[in-house]
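Please keep the structure open while you read.

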Amino acid sequence: MRYRHGRHYVWCSEVYDPTTAAAASPAAAVAPSSSPKELFERLRRDCDAEERHSDAIRRYRRRFKQLAAEWHAAREITELQRDEIVATVNQTSWNIWRPQLYVIARAPIESAGRLIHVPIKERAAYGLEFRIHDLRPEEFVIIEGTFP
Amino acid sequence: MISVLEQFDKVTAAGILARAALSIEGNPAGDYRLPDEASIREAILREAMVARGIDPNDQRPEALEMLSEALDGELEALIAPRDSKQVLERLSSRGELPSDLFEVEIVPQVEELYGSRFRLEKKLIETTVRTPDREQHYGPHPSVPNEPFLVSLFFKFFPNEYPARSFGMLVGGQRYGIRLAVHHAWHIYPTDVDLKGAETLVDVLRRFADRFGVEMTVGKQKGKFILGGEAPGGLPSIQVSPTIDVPSHGKKKVNISITCFYQRNPNTNVNHAALVTAIDLQKYRAALKAHGGL
């Protein structure tokens, strides 16, 4: 929320747990690597266990540094802000990686043409995936915790 | 540095390198931004692969992972802050430091309060700071008169199979860079302190003080909880009556623990006491015992 005027770049899915979707539906064809439930629970396990060899956290750490460098080069953040992101993700903090679920009202985003269908060649499987490049804080609700 | 990037300034080079790395995972942030960036990216990837002995035609996940690691190392050299500690201290000043990065120090008064139980209390305090359920932070400059600054509050619920023993731990500390000096550390039992509608952790502390505190005077302010009080002449004096009125029993002496943060207001340079409580220790310890906490 602190950087880039709170704009979020998100990949999203129509369902939280694709394994509970109707068998023949596109939602059921979402790969585990794109399943919000799988991603959430994997990160939750790694944070709870303080797993220093977590592949997920290692990749996220790398990605945030890359994004910080790109945003700074594109003048979307300042050098100080870039340093804050890099210094933070390089620390051994588990709080920064705790998983959060964003619940987004679809209709207003879709009607504004901001819900982008991910092309099939970029998806992990056949199931539908979406991207929103500029999600604003007032457009979603954050849920933390454990889910059945 | 990768040779093809030497022609660019550090910021531009980092951007090009970052986009190349992001493109490996198909992240749209990796799209080209500069003219001829496609050929620059090709040169970066080729040089990084050769340096690591990776076959340029190898598209296996393991090879791509090695390539990503190689690019991460190059990027780190370009963007790593010169002084990470200073950066973290800046975050702390704003109340934005991840709480599990604080170096927790507990003032002797808290150790005296809990006595032989202090080892366990220390773990509860550290756990509450590291993995809080809720946090509240005051920044470096008070936005209103008498508001605290550079103070953080943390709350964590510790459930027990016996409901009467379930409690919330409320911890309050003063931030000094990445150090957190803990002055407040209280067990909040829901049956003793009604938390319904408490919007902030300061509300929780206020309600705790209402239940277990005694009346005091700080400067011109009176009450069982003082958010902040100024004392232009020097350290603020906190006056507490050593006796309290007990209905039908007359006056009795009380053992009181005064907890506060002594600060100097950065806007006015005046001394200031923040989050002041005067807790009746007999009453508090009796409650701890009743709930199985002592």
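1. Over all chains, the count comes to 38 salt bridges. A salt bridge here is a side-chain nitrogen of Lys or Arg within 4 Å of a carboxyl oxygen of Asp or Glu. This is a predicted model, in which local features need pLDDT of at least 70, side-chain atom pairs count only at pLDDT 80 or more, and totals for chains, interfaces and linings use all residues. Residues are numbered from 1 along each chain as its sequence is written, chains are lettered from A and ligands numbered from 1 in the order in which they are written, and side-chain values use heavy atoms, with hydrogens and water left out.

2. Take Glu70(A) and Arg19(B). Their side chains meet in a salt bridge, 2.6 Å from N to O. Glu70(A) lies in helix α2 of chain A and Arg19(B) in helix α1 of chain B, so the pair joins two chains. Helices are DSSP runs of H or I, at least four residues, and strands are runs of E, at least two, numbered from the N terminus. Both Glu70(A) and Arg19(B) are buried. Buried means under 20% relative accessible area, exposed over 50%, and partly exposed in between (1.4 Å probe, protein chains only).

3. Arg90(B) is partly exposed, with a relative accessible area of 25%. Glu84(A) counts as buried, at 2% relative accessibility.

4. Now a pair inside chain B. Asp203(B) forms a salt bridge with Arg206(B), and the closest N and O atoms are 3.0 Å apart. The two sit 3 residues apart in helix α7 (residues 201-212) of chain B, so about one helical turn separates them. Arg206(B) is partly exposed, with a relative accessible area of 31%.

5. Next, the interface. Here 33 residues of chain A are in contact (heavy atoms within 4.5 Å) with 36 residues of chain B. The area buried between the two chains is about 2,900 Å², and carbon and sulfur atoms give 52% of it. Arg62(A), Gln66(A) and Glu70(A) supply 21% of the area that chain A buries against chain B, more than any other three residues. Buried area is the accessible area (1.4 Å probe) that two parts lose on being put together, summed over both.

6. Between chain A and chain B the count is 14 salt bridges. One of them joins Glu65(B) to Arg58(A), with the closest N and O atoms 2.4 Å apart. On the side of chain A that touches chain B, α2 (55-73) and α3 (79-89) of chain A each supply at least two residues. The largest share, 11 residues, comes from α2(A).

7. Last, α1 (residues 10-24) of chain B. This helix has 15 residues and reaches 21 Å from its first C-alpha to its last, close to the 21 Å expected at 1.5 Å a residue. The expected span is 1.5 Å times one less than the number of residues. Its buried residues include Ala13(B), Ile16(B), Leu17(B) and Arg19(B). The buried residues of α1(B) pack against α2 of chain A, together with α2 (37-52) and α3 (61-79) of chain B. After α1(B) comes Gly26(B), whose phi is positive, near 70°.
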